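Here is a briefing on the inside of one protein model. Please look over the sequence and the structure first.

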Amino acid sequence: MPVEGAPKDSTMAEISEAPISSSDPPNTMSEEASDFDPKTMRKTKPGLKRLFLTLTVFFSFLIALPFLLKSIEIYRAPLPFEDIDLLSSAMEKNPLRYPCQFRAVFINFDDITDKNELGLLINSNMQKLTSKVTPACGTCGNNYTVAVTVDSSSNCIHSESENVGKWQCGALNGFDKLNNDEDFDEYLESVLDSKNRKLYTVVVVKRNAEVRVVVGKYRHAWIVGEDSVEKAVENMAEIFVKVFVNGGKEEGSIRGEFMPVGADGKVVLSFSLLNSDPHDWVYDWDFQELDETLLAPVVDALRPVADISVESQVLYHTPKASFSYWDDKQGSYIFSTKDLPFFVNSNEWHLDTSTAAGGRSKVLHFVLYVPSAKECPLKLQFPNGEISMTNGFISPMWGGIIVWNPPVCSENLQVQHLPKHKISSEDLKKISEVFMGQLRQLFGLKSENHYVGAFATSVLLTSAKGFAEWELDVLSRHHTCFNLLQCGTTLGSLSRLVQSLPRMIIMDEIGKQVKYSLEAAKLSLSNVSLGYSDASAVSSRKARALAEDAFYHPSMMSVSYYSFEHCFAVYSPFFLPVSLHVLLAVIREWKRYKVENRKYLAWKAKLE
């Protein structure tokens, strides 16, 4: 046992002594241990793994940020803000002025020798009439030309403009129907051809007769009688300015609130026959006859101004809301003008049955009211005590009402449950004439067949389509002006709204509507400069309709957009805490790496 243990002890002694026999001196090892400070030094290079992982998470957030912003991005189609501002400012500062062409023809005036002086005299009188008031939008202002023709027995002289055709000298020689207005009107139209040329002509025929002024249903008028040149020029200038340009209205313009056309350029003429009490009598009408004879030509004539549709209905049990009283002197029941605001019974008169009533189309109501037996006959009395000839009245922007007393009313029939009657063709014709007068008034024109001027009273010939050619020109010009003003206002409001709300959704459809609206407005302005009243009215109507469609687009409603503050408040609770922690981790890890790297560099410097 002792023999075997001896070598073992020697081996252990050798192992324990091995470090002592190392090549490093003992004093060196102790010096290194004493110089190393773990707080300021480290012997190994700091790793980049933790910093790399932290930066990877941080940069993944940065890369995902554009995708997040893209996911919450509001689509906004580009809008031509500069063009919108130009149109709005142009319509506000520069009222539309149409170029107008006038022609004065003097027949049998042998004492006129200087046509140029005559033209200056006409211009001077027209300037006096236009200078009294500021030229309204849709008129000619000073943008007009006057051509003069003197057709006498001795010679025929012209003072024509470039775009005005010459008068056919001797065209009235041998024509003996000057007293027949309708025949003379048609004859002048065959000579002048004013339908193809927007030229307004006044013909003065000197003859031994009382002076008479007539305005035809086309674009011409005539003055017949023994009149001096000065008087003829005064009458002529008044017809040019007050009738052909202003439409017989003293203010010279149809106010915007009295243009009964919807924002979409459509008008619905709703005709209603109201039987107040069907227990007394029931009346029906042949509306198809009324439509074919009266309404079809009107719809076609007003097509440049509005897209018109017609509908009709017959209602029963529709008493009026106002009261009437019996007048022994008149032998009828009377309702006065002060009762007119209460005449319409909105609770019983279900007139708004049209599909267009809920849209932006304008509905004009024309009501034929048949009173009951207990208030028949029913007549309208004016404040001066006179009885209305038409027995009807209008309500601006709403329509018109006619009180029609049936023939059985005067018979005092007491039999109830009378059979159903139909309004005769003669009565229906009279009713249609009153309806036509009411429609003209609603459009701002005169319902009378004469114009009382400062120098003479002019007879206005009526057209079968309800509106003369010169009246349609007036409506087209004024309606174009109103449409373009509304278009500029609507687009301007849309532009300011969009720019004030950067988070508002602007669909491509809205951008296209705005673009097409501006194009239509520019086309209308171009047609105005050329004097094309019908074409300018059609383009302006389209421009306004598109502007209204863009402004009232469903995507423009408030529920479809939100502010940036709202977006931040929604997403910040989800992303802000995580993003803040990631950012703080990157900063902390970067600082740690810099500290550890300085420790390592300090140790390397110590060794060197």
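The notes below cover cores, pockets, a cavity and disulfides.

This is a predicted model: local features need pLDDT of at least 70, side-chain atom pairs count only at pLDDT 80 or more, and totals for chains, interfaces and linings use all residues. Residues are numbered from 1 along each chain as its sequence is written, and side-chain values use heavy atoms, with hydrogens and water left out.

**Nonpolar cores**

- The largest nonpolar core holds 65 residues. A nonpolar core is a set of buried Ala, Val, Leu, Ile, Met, Phe, Trp, Tyr and Cys residues joined through side-chain atoms within 4.5 Å. Buried means under 20% relative accessible area, with a 1.4 Å probe and protein chains only.
- F102, F106, I122, M126, V202, F244 and V514 have the most contacts inside this core.
- Helix α7 (residues 229-245) supplies the largest share of the core, 11 residues. Helices are DSSP runs of H or I with at least four residues, strands are runs of E with at least two, and both are numbered from the N terminus.
- Leaving aside neighbours within four places in sequence, F244 is in contact (heavy atoms within 4.5 Å) with residues including Y200, V202, I239, W470 and R477.
- Another core, of 41 residues, lies apart from it; L290, L364, I402 and V434 are among its members.

**Pockets**

- The largest pocket has a volume of about 910 Å³. On a 1 Å grid over the protein atoms alone, a pocket is an open set of points with protein on both sides within 12 Å along at least five of seven lines, and lining residues have an atom within 4 Å of a point. Points are joined across faces, edges and corners, and a volume is the space filled by probe spheres set on them.
- Its lining has 33 residues, with S432, E433, V434, M436 and G437 nearest the centre.
- α9 gives the most to this lining, 11 residues.
- The lining of the largest pocket divides into 13 nonpolar, 13 polar and 7 charged residues. Here Ala, Val, Leu, Ile, Met, Phe, Trp, Tyr, Cys and Pro count as nonpolar, Asp, Glu, Lys and Arg as charged, and the others, Gly among them, as polar.
- The second largest pocket has a volume of about 560 Å³. L65, L68, F575, L576 and S579 lie nearest its centre, out of 19 lining residues.
- α13 gives the largest share of that lining, 11 residues. The lining divides into 17 nonpolar, 2 polar and no charged residues.

**Cavities**

- The whole structure has 3 cavities of 30 Å³ or more. A cavity is a set of grid points where a 1.4 Å probe fits but cannot get out.
- The second largest cavity holds about 40 Å³ of space. Its lining includes V213, N235, E238 and Y451.
- α7 contributes the largest share of this lining, 4 residues.

**Disulfides**

- The structure holds 2 disulfides, each a pair of cysteine sulfur atoms within 2.5 Å.
- C100 and C140 form one, with sulfur atoms 1.6 Å apart. The S-S torsion is about -55 degrees, so this disulfide is left-handed.
- C100 lies in strand β1 and C140 in the loop between α5 and β2, so the pair ties together parts 40 residues apart in sequence.
- C137 and C481 form a disulfide, with sulfur atoms 1.6 Å apart. The S-S torsion is about 120 degrees, so this disulfide is right-handed.
- C137 lies in the loop between α5 and β2 and C481 in helix α10, so the pair ties together parts 344 residues apart in sequence.
- Both C100 and C140 are buried, and both C137 and C481 are buried.

Key. Buried < 20%, exposed > 50% of the residue type's maximum accessible area, 1.4 Å probe, protein only.
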